[in-house]
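Dear colleague,

I am passing on the structure below, and my notes on it follow. Please read them with the model open beside you.

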Amino acid sequence: MELVDRQNFRKSLIPVVPFILLIWVLKAIEVGLDIDFSIYGNYPRTLSGSLGIITSPLIHADLAHLLSNSFPLLFLGVGIFFFYRSIAWPVVVIIYLLSGFWVWLVAREAY
C-alpha cells in the first residue's frame with residue numbers, strides 16, 4: 001500500500017471509529033446503569049417519535065444487534081470515506097436522515 005493510500009485510509013477512520021465508539025459507549029451506559037434508551041427510538045407518525053429520526057441509529061436492542069451493525073458500519077463507512085471522500089459527508093447525512101424519516105413515515109407503530 002502506498003504512503004498516500006495509508007494516509008487516506010487513516011483519514012477514512014476518523015469519522016467512522018468515533019461514531020462506532022459512541023454507539024458502544026451508549027450501550028455500555030444503558031446496560032451499566034440499567035437504563036432503557038428505547039424511548040428515544042423512532043416511533044412512527046408521532047411528533048415525540050420524530051426525535052428518533054436522529055437518535056434511533058444510536059440505539060440498539062442488545063449486544064448482538066450492536067455487534068451486527070458495528071462491522072458493516074466500519075467497513076462501509078471507511079469505504080465511503082476512502083473512495084468517495086468529496087461526497088462522503090453529504091451522502092452519510094442524507095442516508096442517516098432519510099432512512100430515519102422513511103421509517104418514521106411508513107413503519108409499524110413500535111419502537
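In which helix do Glu30 and Lys27 both lie, and how many residues apart are they? Both are in helix 1 (residues 3-32), 3 residues apart, which is about one turn of the helix; helices here are DSSP runs of H or I with at least four residues, and strands are runs of E with at least two, numbered from the N terminus. Glu30 forms a salt bridge with Lys27, the closest N and O atoms being 2.7 Å apart, where a salt bridge is a side-chain nitrogen of Lys or Arg within 4 Å of a carboxyl oxygen of Asp or Glu. Side chains of opposite charge can pair when their charged atoms come close. A search of the whole structure finds 1 salt bridge. Glu30 and Lys27 are both buried, a word that stands for under 20% relative accessible area, with exposed meaning over 50% and partly exposed in between (1.4 Å probe, protein chains only).

Before going further, please note that this is a predicted model, in which local features need pLDDT of at least 70 and side-chain atom pairs count only at pLDDT 80 or more, while totals for chains, interfaces and linings use all residues. Residues are numbered from 1 along each chain as its sequence is written, and side-chain values use heavy atoms, with hydrogens and water left out.

As for the chain as a whole, its secondary structure comes to 4 helices and 0 strands, and its C-alpha trace spans about 50 × 30 × 15 Å along the principal axes. Of the 111 residues, 24% are buried. Among contacts (heavy atoms within 4.5 Å) with a separation of 6 or more, 72% are between residues 24 or more positions apart.

The largest nonpolar core has 6 residues, namely Val16, Ile20, Val78, Ile80, Phe81 and Ala88; such a core is a set of buried Ala, Val, Leu, Ile, Met, Phe, Trp, Tyr and Cys residues joined through side-chain atoms within 4.5 Å. Helix 1 and helix 3 (63-83) each supply at least two residues of this core, and the largest share, 3 residues, comes from helix 3. Leaving out residues up to four places away in sequence, Val78 touches Phe9, Ser12, Leu13, Val16 and Leu73.

Ser70 also lies in helix 3, and it counts as buried because its relative accessible area is 7%. A polar atom of the Ser70 side chain lies 2.8 Å from the backbone oxygen of Leu66. Beyond its neighbours within four places in sequence, Ser70 is in contact with Ile20, Ile23 and Trp24.

Trp104 is found in helix 4 (residues 85-106) and, with a relative accessible area of 19%, is buried. Apart from neighbours within four places in sequence, its contacts include Tyr43, Pro44, Arg45 and Ile53, and a polar atom of the Trp104 side chain lies 2.9 Å from the backbone oxygen of Thr46. The C-alpha atoms of Trp104 and Gly41 are separated by 9.8 Å, although these residues are 63 apart along the chain.

Trp102 lies in helix 4 as well, but it counts as partly exposed because its relative accessibility is 47%. Together with Ile94, Leu98, Phe101, Leu105 and Val106, Trp102 makes a nonpolar surface patch of about 560 Å². Patches are made of residues with over 30% relative accessible area and no salt bridge, like charges being joined within 9 Å and nonpolar side chains (Val, Leu, Ile, Met, Phe, Trp, Tyr) within 5 Å.

With best regards

Terms used. A polar contact is a pair of N or O atoms within 3.5 Å; within protein, one must be able to donate a hydrogen and the other to accept it, and residues adjacent in sequence count only if both atoms are side-chain atoms. Accessible areas come from the Shrake-Rupley method with a 1.4 Å probe; for residues, only the protein chains shown count as cover.
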